[in-house]
Amino acid sequence: MNLFKKIITYRPSFTVRILAGLVGFLAMLSVCTIVGISDIGALGERDINFKARSIEAGARTYAEQCARCHGLDGKGIEANGPTLSHISFVGKSEETIGANNVLGSKDVTKSTRLTQLGWTGSLVNYVRGVVAAGIPIKSAADWETIHPTFSQAYGGNLREDEVNNVSNYVANWALAPYESDDVVMPPEPGTGGAPRPTAVPLSAEQEKGKELVVSLGCNACHAIRGVMNGAVGPNMTNIATIAEGKVTDEQYKANVKDQPVATTAEEYIVQSIYHPNAYIEPQCPQGACAAGIMPQTYEQSIPAADFTALVSYLLTLK
Amino acid sequence: MAIVGQKLVQQLKTTGLKATLAQRLDDGFTRFTSGLSWNDVRGVLRGDPAPRPNTRVKPHTEGFWFHIRPSFYHEAVTALYPTFRLGFLSAWIFVLEIITGIFLMIFYTPSPGAAYPNMIDIMTNVPFGKFMRDLHRLGAEAMVVIVTLHMWRTFVTASYKKPRQFTWFTGVLLLIITMFLSFSGYLLPWDQLAFWAVTIGTSMADAAPLAGPTINVLLRGAPEIGAGGLLRFYLMHVLLFPLIGVVFVAVHYYKVVRFGISLPPEMEAVGEDTARKVTPDKRVNFMPDILTNELMYVAVAFAILAISTVTWYAGAPLENHANPLVTPQHTVAPWYFYWLQGLIKIPHIFPFFPSDWGITASIDGFFANVLGLTPKTLWGIVIPPLVILLLVVVPYIDPNPSRRYADRKVAITLGVLFELLILYLTLGGRPQGVPVTGFGDVRGDPATEVAQDFIPDEGESIIKAIPYDQLVVGTHEVVEDLNVPDAPELNTVVHELRDEMIKKMQLSDPAKKLSNDATATLAVTQLQDNLKSVLLTINYTDAEGTAKQFTKGAWVHKDAGHAE
C-alpha cells in the first residue's frame, strides 16, 4: 500500500523528466527506424502471404463454382468442360505464386492453347476474362453449354475479388501441370474436337427441319449440341440413335401407355412429338422427367410438310 | 520600407553582421513563441528559476496555444494522483489517431471494390503502412480504455460534483463519441470481421421502435450494408465524429481550465471547491514544470504504444473479403460493445427468478401482450440509452456534498457494482459466455464448435497454423497417440483435437455435448504443387440418436504465412 502511495504521489524531478522524455522520444524514433528498415523485406513477404491466401480463397471458389464442369482436379469433365490443369492450357512455370502474377514468375513452357487462340496477354488475364465475362459464342460447339459469365458485372454471382482469386488458383496449376493425356481436351479452335451431329451433310428438306427445331420452339426445352441449348427436356443430340435403341428396349415397351409400341426409330420420334405422354423418359437435365410438360397439340399445329422435314432432320442425329 | 532598411543598415553599422543576425533571428523566434526569446526557452528546458519579471507568462497572455493552458497548476494535482493524466492522454491519443488516420486516408478509397485491395496494399506496398494501421487500431482501442478509465477516476474522486456537472456531461458525450469513432472505423477494412460486426451493430438500431428502420437505412444507405453504407461510415469516421469530437474536447477542456483541476478530496473541506484558490506557495508554473512533465508523459506514452504495436500487439486483423452471403460462425461486435451483446442475451424481462418457476414466463407474457415489450427490445433498445442517461444524471442525483472517500461508501459501492455488472455482461457478450454461470453461452452443435475452435473460416486457425511440411498428405484418424513421423505439430494438434472432443463429451448440457462414440479424421490432400486442402470429418450421434457427419475444410498454401 505504501509503495502504491509512493508511486501515485511521485513527482519526477526536472532531470528525470527531461531524461525520461528523451528516452521515450528516442525509443519512438528507434521503433520507427526498425519498422522502416524491416519493411524493406517485410513488404515483399507479406505480399507473397496475401497472394498465397488469394490462391487459398480461390480454391474454395473453384470447388464451389468451377469443379462441377472442370473437375476438382482440373482435368475436365467429358461434354461439360475442358481441362484447366493440363500443360497445354496453363503451360509450365517454376517457383512462382499465382503464375504470371507475381515477381519471379518464370515460364518454362508457354501455353499452346493460348497461342492457338491468338491470345497475346498473360494466362491469368485470359482466365480472369473468361471467368468474369464467359465465352459468349459457341466457338467450340461440343460443350453442352457456353461458358457462363461469373462476374457480377456480367450478371454472374462472383465479386471482383473472387474472380481474381479463382483466376490465381487456376494459373497456379502451371507449377505442376498434368502432362499425360488422360484429360478432357478442348476442341481445336473453330473446328470442334468431338464429332458433331450437324457435321453430316443435310438435304434441303433436312436443312428445313433444322430451322424448324428452332422456329417451332423446341429449343426452349431441348438441346442439340451445336444447335440449341434447352435444359428442361431430354437432350436430342443423338436422338436417332436413342430412338433406335428404344424400339428394342424392354423398359420402353413395358411403359408405353394408350399408344401402340413403336417398332422403328421414326415411329418412336413421331410418337414422342404427337403423344408426348405415351412414354416418359426417366432422366432429364434437371432430374426426373415429368409428364404433361411438353405440349400435346403438335399433331394439330404442325403442317404435314413441316413435320416430315422435322422428323427427317431428327433422324440424322445419330 | 525605406525606414526599415535604414534601421537595419544602422544596426549593421553599429553591432556588425553576426550580432545583427542573432538579434533578428531571436526577434523572429520571440514572435513565434509569443514572447519567449531563445534564452528564455533555453532556461525553461534547463530548469532555471523564472526570471523576474516572469517573461514565461507571456505566451499564456499573448499566444493561442498557451492561452488555452493555465499559467500555473496547484501543486496537489501535479503528481500522478489524482488525475493520472488520463484526460490529457485521451486528448493526445486523439491527436495520434488523427495523424495515423490521415496517413491511412492517403491509401484508402471507401468503395466496396477498392477498400479491401487497398488494405492489402497498405500492408504489402506502403512503407510503414502496416505499422500505421496497427498503431491506429491500437490507439483506437487504447482511447476507449483510457477515456473509460478517465471517467471512472472522475467518479471515484467525485470530481463531477458542483461546479463540474456540465464538464462531466460533456465527458459522457466524449465517451460516446470515442466509441462511435472506434465503431465507425471498424467497417472500413471491408473484411468479414468488419462487415458482420457492423451489421450486428446497426441491426440494433433497426430493432428500435418507430424510427429504428429509418435510422438503419440512414446509417447503411440501404437495407443492407453496401457501397452506400461504406461511404457513410467513412464520412462519419473521418469527418462527422472527429468534428464533433474536436468541438466537445474544446468545450470540455474550457470547463476544466475555467474550474481548475479538482484537488484530491482529502485536501478540501466538505462542500468547498478550492481548485482556483491557489496560494502563491502552492503554485507550480506551467513553464517549465508542467510543460516538461507533459512532454515526458506524451513521449513515454507514445513510445509504449509504438513498442506495443511491434511487439505484443497482434496487429489489426484482416480477414477474408466481406461477403454478405456468408455469416461467419460466432460473429461478434467489437469488444467494447460486448456488454451490449450481453444485454441482448438476457432472456427475460425480469431475469432474477429461476426460469422454471413459471413466474418469469408470466411476466414476459404480460409485458409482450399488454405493452408490446419483448425482453430483446427492453434490454437491447430501452436499457442502453437509460444507462447513458444514468451516467449523465450522476452529478445531479448524488445528494452527498462531500467528496471524501469515507463519506461516499454508498456511491463508490454502487459504482463498483455497476462496473462489475458491465464486466459480467461483457463476459456474457462473448460466444462462450460467462464461465461458471454459463450466461450468454450461445455455442451450439458440438461438432460445429470443435471445428470452429480448430478450423474456422475466419480468424486464427490452429490447423492452418501447422507448418506446411508437417501437413502430411493422407487421412489421419483423430486419436490420442497419432504418431506421424516428422510431423510433431500435426501430432500435437490432433492430440489437442481429441482432448477437445473428449471434453465436449463430458459436458452436462445435452445440446452442447458430443456423443461418446464420436470419431474424427483429418484428411490432407495435395491439391496443387504448393496447395493442400485439409478436411475435418466428425462422425457422431446426435441427441435424437441419428448418426451424423460433420465436415469442414480449409486450404493451406505453402507461402500463406499462417504458421508465423
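In this predicted model, the largest nonpolar core holds 64 residues, and the ones that touch the most other members are Met143(B), Trp190(B), Ala194(B) and Phe302(B). Two chains take part in building this core: α2 of chain A gives two or more residues, and so do α6 (86-106), α7, α8 (129-156), α9 (165-186), α10 (192-207), α12 (227-259) and α13 of chain B. Among these elements, α8(B) provides the largest share, with 12 residues. As a general background, nonpolar side chains tend to be buried together in soluble globular proteins.

When its neighbours within four places in sequence are left aside, Met143(B) is in contact with Ser90(B), Ile93(B), Phe94(B), Glu97(B) and Thr178(B).

The next topic is the meeting of the two chains. Here 39 residues of chain A are in contact with 39 residues of chain B. On the chain B side, at least two residues each come from α7 (115-124), α13, β4 (519-528), β5 (531-541) and β6 (547-557). Helix α13(B) gives the most to this side, namely 11 residues. Sorted by class, the side of chain B that touches chain A consists of 23 nonpolar, 14 polar and 2 charged residues.

One pair of helices across the two chains can be followed in detail. Helix α2 (residues 14-70) of chain A packs with helix α13 (residues 286-310) of chain B at an angle of about 30 degrees, and their axes are 8 Å apart. Because angles under 35 degrees count as roughly parallel, α2(A) and α13(B) are roughly parallel to each other. The crossing of α2(A) past α13(B) is left-handed. From α2(A), the residues that make the contact include Phe14(A), Gly21(A), Gly24(A), Phe25(A) and Val35(A), while α13(B) contributes, among others, Thr292(B), Met296(B), Phe302(B) and Val310(B). Taken together, the residues of this helix contact divide into 17 nonpolar, 4 polar and 1 charged.

With its neighbours within four places in sequence left aside, Gly36(A) is in contact with Pro127(B) and Phe128(B).

Definitions and conventions: Residues are numbered from 1 along each chain as its sequence is written. Chains are lettered from A and ligands numbered from 1 in the order in which they are written. This is a predicted model: local features need pLDDT of at least 70, side-chain atom pairs count only at pLDDT 80 or more; totals for chains, interfaces and linings use all residues. Axes are lines fitted to C-alpha atoms, for helices over the stretch in contact, and angles run from 0 to 180 degrees between N-to-C directions. Helices (H or I, at least four residues) and strands (E, at least two) are DSSP runs, numbered from the N terminus. Angles under 35 degrees count as roughly parallel, over 145 as roughly antiparallel, 65 to 115 as roughly perpendicular and the rest as oblique. A crossing is left-handed if the near helix is turned anticlockwise from the far one by less than a right angle, and right-handed if clockwise. Two residues are in contact if their C-beta atoms, placed from the backbone, lie within 7 Å. Ala, Val, Leu, Ile, Met, Phe, Trp, Tyr, Cys and Pro count as nonpolar, Asp, Glu, Lys and Arg as charged, and the others, Gly among them, as polar. A nonpolar core is a set of buried Ala, Val, Leu, Ile, Met, Phe, Trp, Tyr and Cys residues joined through C-beta atoms within 7 Å. A residue is buried if 20 or more other C-beta atoms lie within 10 Å of its own, exposed if 12 or fewer, and partly exposed in between; C-beta atoms are placed from the backbone.
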